[in-house]
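Please view the sequence and the structure together before reading on.

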Number of protein chains: 2
Amino acid sequence: MGKIKIPIKKLEIPNKRQVCFSKRMMGIFKKASELSIMCGAEIAIIVYSPAGKAFTFGSPDIDFVVDKYQNIPVHINDEKVQKSWRSEQKYNFILRELDPEKKHIEMLKRQERSKQADLW
Amino acid sequence: MGKIKIPIKKLEIPNKRQVCFSKRMMGIFKKASELSIMCGAEIAIIVYSPAGKAFTFGSPDIDFVVDKYQNIPVHINDEKVQKSWRSEQKYNFILRELDPEKKHIEMLKRQERSKQADLW
DNA sequence: TTGCCTATGTATAAGTG
DNA sequence: TCACTTATACATAGGCA
């Protein structure tokens, strides 16, 4: 997405990594903001920079969404709600080095998997 | 980002909202994956669809990052680490209806604010 | 619908001063 | 280095089969 194509792999030059991190993180936060506005979604994002510094984004609020995710009980008789009750769909995929064509196909397949109407 | 420009505001047509949510969420997850690979960042994303269904993305792992964020104690003498110890930088901004020019300026200002070298 | 296409809007890598 | 621009790659809204 710039003047030249950058392969999706670890940037070894610290300055480039820093600039790239800054720009892309803001890009992601912006997109998350748009998603929450346009679709009424609730979103929490936690990012640790390579240096270990944390940045967060939340809509309506980071802790509201994180607590909801962790099923923290809303003070109902001291009863603990277990984490295992969660039923969310996880995406832990890592983008491998693929040529653009295969990359596109893989992304479309992921969309397909997640588009089963009953999930929404 | 499509054939026509869509204002960043709530989509009222349910089908459009669903399709937009699906496409954009996958886009955000893809970008998050790229950020973690290219910059070595740790990322956790939790999204609740308008219907209340949860989707998550994590690198290296959603719970690893979320637990780190919440400073969950690693079993050190039963001592509780308080949430208030956190020192992350929060972005709870909401993108308002701005003309593209002002929007661009606002984004640059955010980048600027977050670009102080000692934070990284 | 559902899966895919493509025209166009956006994000961003490198350039510039 | 920094603030800003620009060329290019990428994401996506609506179209279509």
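How many residues lie between β1(B) and β2(B) in the hairpin that they form? There are five, and Gly52(B) in the turn has a positive phi of about 95 degrees. Strands here, numbered from the N terminus, are DSSP runs of E with at least two residues, and helices are runs of H or I with at least four.

## Basis of the model

This is a predicted model, in which local features need pLDDT of at least 70 and side-chain atom pairs count only at pLDDT 80 or more, whereas totals for chains, interfaces and linings use all residues. Residues are numbered from 1 along each chain as its sequence is written, chains are lettered from A and ligands numbered from 1 in the order in which they are written, and side-chain values use heavy atoms, with hydrogens and water left out.

## Strand pairing

Strands count as paired if DSSP finds at least two bridges between them. In chain A, β1(A) and β2(A) run antiparallel and are joined by six bridges, with Ile46(A) standing opposite Thr56(A) in β2(A). Their hairpin has five residues between the strands, and Gly52(A) takes a positive phi near 95 degrees there.

In chain B, six bridges likewise join the antiparallel strands β1(B) and β2(B), and Ile43(B) has Ser59(B) of β2(B) as its bridge partner. Across the two chains, β1(A) pairs with β1(B) in the antiparallel sense over seven bridges, where Ile46(A) is partnered by Ala44(B).

## Burial and the nonpolar cores

Burial is taken as under 20% relative accessible area, with exposed over 50% and partly exposed in between (1.4 Å probe, protein chains only). Because seven of the seven residues of β1(B) are buried, this strand is largely enclosed by the rest of the structure. In β2(A), six of six residues are buried; Ala54(A), Thr56(A) and Gly58(A) point one way, and Phe55(A), Phe57(A) and Ser59(A) the other.

A nonpolar core is a set of buried Ala, Val, Leu, Ile, Met, Phe, Trp, Tyr and Cys residues joined through side-chain atoms within 4.5 Å. The largest such core has 40 residues, of which Ile45(A) and Ile45(B) touch the most other members. Elements giving two or more residues to this core are α1 (14-39), β1 (42-48) and β2 (54-59) of both chain A and chain B. A second, separate core of 16 residues includes Ala44(A), Ala54(A), Ala44(B) and Ile46(B).

## Cis peptide bonds

The bond from Ser59(A) to Pro60(A) is cis, with omega near 5 degrees, and Pro60(A) lies in the loop between β2 and α2 (62-69) of chain A. In chain B, the bond from Ser59(B) to Pro60(B) is also cis, with omega near 5 degrees.
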